[in-house]
Number of protein chains: 2
Amino acid sequence: MDNLRMTTQRKIILEALKKSQSHPSADRVYEFVRGEIPNISLGTVYRNLEIMYRQGMIVRIETPDGQKRFDYDTSNHPHFRCEECGKIEDIPLPLTAPPLDPRSEWVSKRKILSSTVNYQGLCSDCISKA
Amino acid sequence: MDNLRMTTQRKIILEALKKSQSHPSADRVYEFVRGEIPNISLGTVYRNLEIMYRQGMIVRIETPDGQKRFDYDTSNHPHFRCEECGKIEDIPLPLTAPPLDPRSEWVSKRKILSSTVNYQGLCSDCISKA
DNA sequence: CTACCTGCAAATTGTTTGCTGTGTC
DNA sequence: GACACAGCAAACAATTTGCAGGTAG
């Protein structure tokens with residue numbers, strides 16, 4: 001039941017993510033992949049992104065505009081989101097969330113598994129447009 | 001055009017958020033508010049949450065389960081999300097994202113406006129259930 | 001009195017799912 | 001050859017929007 005198959009579709013979807021710097025939405029991935037497999041279905045794209053996400057093969061990013069974005073890079077790295085155009089970029093600096101003191105009472109009652117850091121602002125494109 | 005009115009509905013929605021510790025979704029806010037104004041419409045709740053969010057009166061939180069949550073506390077504080085039950089809690093510790101070095105080339109090309117820190121794991125309820 | 005706002009319902013948007021045939025391992 | 005997976009379309013869930021009447025300032 002957990003036996004993954006590397007179908008042509010899955011391979012190309014993963015490839016699309018790998019090539020893209022832009023953390024595309026399912027929709028964008030669909031558009032791209034249709035260049036290679038014109039009759040692929042949107043459902044297949046969603047299904048594969050979900051499966052690969054659950055496998056930990058890719059990362060899923062929540063956004064304020066209600067569309068999930070996907071990232072090929074599974075290393076824990078911070079994202080920067082442009083508040084103007086919505087673009088999401090990787091921040092190429094080693095940054096991690098401050099560690100939670102395990103001796104604190106609040107922390108000791110919970111099990112902390114992971115953390116994420118995000119920055120927002122204006123990207124270089126949107127700055128030069130303004 | 002940016003002239004806000006404090007209608008009964010808006011007041012009660014804000015009140016509901018203020019009372020709630022649980023970072024409710026629009027749906028939950030709707031349920032609560034119906035206790036006071038039985039014939040309020042869900043559209044009104046959405047409209048008001050959106051307006052108040054845009055005014056900076058409240059905070060909107062993205063979640064992996066595809067429902068936005070809202071927070072009365074607009075101070076920049078970290079959230080903890082339980083991966084089991086989806087509950088979102090405020091972390092009562094002074095924690096901020098690491099500052100970005102403005103001298104770095106990457107940073108200098110952008111305008112950083114804000115940052116958020118999030119932690120994920122298991123809440124105390126879900127630990128004791130396991 | 002003037003727009004902003006409400007309730008209602010219909011429309012959109014993003015995503016999921018049931019079905020039936022297919023291709024991977 | 002079994003069983004995960006594809007395509008297709010219909011179903012869903014969260015949120016948005018058009019309209020006509022109501023109300024705060």
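How far does a polar side-chain atom of N48(B) lie from a phosphate oxygen of DNA strand C? The separation is 3.3 Å. The surface near DNA strand C draws two or more residues from each of several elements, namely helix 3 (42-54) of chain A together with helix 1 (8-19) and helix 3 (42-54) of chain B. Helices (H or I, at least four residues) and strands (E, at least two) are DSSP runs, numbered from the N terminus.

The model is predicted, so that local features need pLDDT of at least 70 and side-chain atom pairs count only at pLDDT 80 or more, whereas totals for chains, interfaces and linings use all residues. Residues are numbered from 1 along each chain as its sequence is written, chains are lettered from A and ligands numbered from 1 in the order in which they are written, and side-chain values use heavy atoms, with hydrogens and water left out.

DNA strand C has 21 residues around it, and R5(A), Y46(A), R5(B), T7(B) and T44(B) come nearest. A residue is near a molecule or strand if one of its heavy atoms lies within 4 Å of it. Backbone atoms of chain A also take part in polar contacts (pairs of N or O atoms within 3.5 Å; within protein, one must be able to donate a hydrogen and the other to accept it, and residues adjacent in sequence count only if both atoms are side-chain atoms). A polar backbone atom of M6(A) is 3.1 Å from a phosphate oxygen of DNA strand C, and a backbone N or O atom of G66(A) lies 3.5 Å from a sugar or linking oxygen of DNA strand C. By class, the surface near DNA strand C comprises 6 nonpolar, 9 polar and 6 charged residues. Here Ala, Val, Leu, Ile, Met, Phe, Trp, Tyr, Cys and Pro count as nonpolar, Asp, Glu, Lys and Arg as charged, and the others, Gly among them, as polar.

DNA strand D is surrounded by 21 residues, of which R5(A), T7(A), R10(A), T44(A) and Y46(B) are the closest. Sugar and phosphate make up 68% of the atoms of DNA strand D that come within 4 Å of the protein. A base oxygen of DNA strand D lies 2.8 Å from a polar side-chain atom of R5(A). Phosphate oxygens of DNA strand D are approached by side-chain atoms of R10(A), at 2.8 Å, and of N48(A), at 3.4 Å. Helix 1 (8-19) and helix 3 of chain A, with helix 3 of chain B, each supply at least two residues of this surface.

The contact between the protein chains (heavy atoms within 4.5 Å) takes 39 residues from chain B and 39 residues from chain A. About 3,100 Å² is buried between them, 60% of it on carbon and sulfur atoms; buried area is the accessible area (1.4 Å probe) that two parts lose on being put together, summed over both. There are 2 salt bridges between the chains, each defined as a side-chain nitrogen of Lys or Arg within 4 Å of a carboxyl oxygen of Asp or Glu. One of them joins E89(B) to R110(A), with the closest N and O atoms 2.7 Å apart. On the side of chain B that touches chain A, strand 5 of chain B gives the largest share, 12 residues. Strand 5 (residues 111-122) of chain A runs antiparallel to strand 5 of chain B, joined by 11 bridges; two strands pair if DSSP finds at least two bridges between them. In this pairing, K111(A) stands opposite L122(B).
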